[in-house]
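Q: Hey, can you walk me through this model? I'd like to chat about a few spots in it.

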Amino acid sequence: MYVLDTNVLIHDPNALLNFEEHQVIIPMTVLEELDSLKLGKQTVAADCRQAIRTIDRLLGDASPKQIESGVPIARGEKAEPMGTLSILMSSETVSGHALPEHLNDNKIINSLAALQKHHTNRDIILVSNDINMRLKARGFGVEAQAYHNDQLVDDIGLLPRGYIEFPGSFWDTISKVETKQRDGATEHRFKREGELARLNINEFVLDQQGFVGKVCELGDDYLVIRDLHQHDLMNEEVWGLIPRDIYQAIALNLLLDPDIHLVNLTGAAGSGKTILALAACIELTVASKLYKRIIATRSTQGLDEDIGFLPGTEAEKMEPWLGAIVDNLEALHEDDENMTASVDYILSKVPLHFKSLNYIRGRSFQHSLIIIDESQNLTPHQIKTIITRAGNGSKVICLGNLAQIDTPYLSALSSGLTYMTERFKTFRHGGHIHLQGVPRSALAEFAEANL
């Protein structure tokens, strides 16, 4: 018997469908919490409404007795129902042994302890993304687990980095290669074995001798790597910005590639994620005019609640949250005679729109560059909501640092950024780079390593 906490249904409104043949139980307290959070335009309110509609659809016309004992969960019209859903209405507690009921968490734990007393022959497991809730439940004698359905990796170290580095020379590890010229580029065809078997489409091969290659074709038993010249990559100037290391150079290669529709940049604070994305976006809209506008958005814990209290239009409300964008615009023009005038000029010339996640649902952005900053704070469901806004000819750029998650119910493993990185690693029109180092300043680099 799996008992779901409110934060699980907010994290994934369809979580009820993911417990196969088991009995899923929703305490009445959880329904009350969903009810109190369902109003408004915040992303959490939309997730609550979807979860409530899912529960209503599954319960259908069942009688109170059927709901208490368990309604079969139907996942499709032709699929056989599997597992049951029930509402835990009992407020009974174990006599003489109960937590104070001034908190909703305590009410849920108390009702589970009473349920455990009645069903001694069954495993009753609380599923919650709240670490403290799980600790309290375990301390009270109730088994508790995190929601793992959309956790695709067990360790962040297993996530693809977007490249493989070879010590020494890459060619020393190769026994056979076919090389040919195509469209003015040199391409090498290898057998897919050893380290090369780990590579995905649009990932890179680096070595200490200066070789840089990009996987441009992938088969069951072979792969084709396009030879890129390190000198050209390192000297590629994008809106006045020159990459400081090879990782920034290959990130720019993906950002500027018109065939790549999703770019995912991760890395420590100060590794250059935002400034690379912004320079590439300005270059692609102002200089080459491949895109019509830049949409900048981000997720912050306070954003959903606080944006309404800020004065001004939506764009003006968003400006305090997107200060990082303006900071990086200033950094790109710090050598200009009048930096403030340059930034104002760019903001007047570049169709740069700041959008709130609260109002992005239902939109469709055509021929746009969509920058999602701080995407590590989004759930997999929220990431899907935003990426599906990309219309014809649009490109999505996700930026994030999995070491800086500000949302209380997310971890590095359950973050939407982790989910998306793993899901999109085989996408032909997607690419991911984990940036290295902290080129922001010597101070930032020392602080990152020692504080």
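Q: Where is E374 found?
A: E374 is in the loop between strand 16 (368-373) and helix 14 (380-387). Helices (H or I, at least four residues) and strands (E, at least two) are DSSP runs, numbered from the N terminus. This is a predicted model, where local features need pLDDT of at least 70, side-chain atom pairs count only at pLDDT 80 or more, and totals for chains, interfaces and linings use all residues. Residues are numbered from 1 along each chain as its sequence is written, and side-chain values use heavy atoms, with hydrogens and water left out.

Q: OK, and what is the phi of E374?
A: Near 55 degrees, which is a positive value in a residue other than glycine. Most residues other than glycine have a negative phi.

Q: Is E374 buried or exposed?
A: E374 counts as buried, because its relative accessibility is 19%. Buried means under 20% relative accessible area, exposed over 50%, and partly exposed in between (1.4 Å probe, protein chains only).

Q: What about K289, what's its phi?
A: K289 also has a positive phi, near 55 degrees, and is a residue other than glycine. K289 sits in the loop between helix 9 (273-287) and strand 14 (293-298).

Q: Buried or exposed, that K289?
A: Exposed, because its relative accessible area is 63%.

Q: Switching to strands: how do strand 8 and strand 9 pair?
A: Strand 8 (residues 178-182) and strand 9 (residues 185-191) pair in the antiparallel sense, over five bridges. Two strands pair if DSSP finds at least two bridges between them.

Q: Which residue is the bridge partner of Q181 in strand 9?
A: That's T186.

Q: And how many residues are between strand 8 and strand 9 in the hairpin?
A: Two residues, and D183 in the turn has a positive phi of about 55 degrees.

Q: In what sense does strand 9 pair with strand 12?
A: Antiparallel, over five bridges, with strand 12 covering residues 222-228. In that strand, V224 stands opposite R189.

Q: Last topic: how many residues of strand 4 are buried?
A: Four of the five residues in strand 4 (residues 84-88) are buried, so the strand is mostly covered.

Q: In what sense does strand 2 pair with strand 4?
A: Strand 2 (residues 23-27) pairs with strand 4 in the parallel sense over five bridges, and I25 stands opposite S86.

Q: And strand 3?
A: Strand 3 (residues 71-72) pairs with strand 4 in the antiparallel sense over two bridges. There, V71 stands opposite L85 in strand 4.
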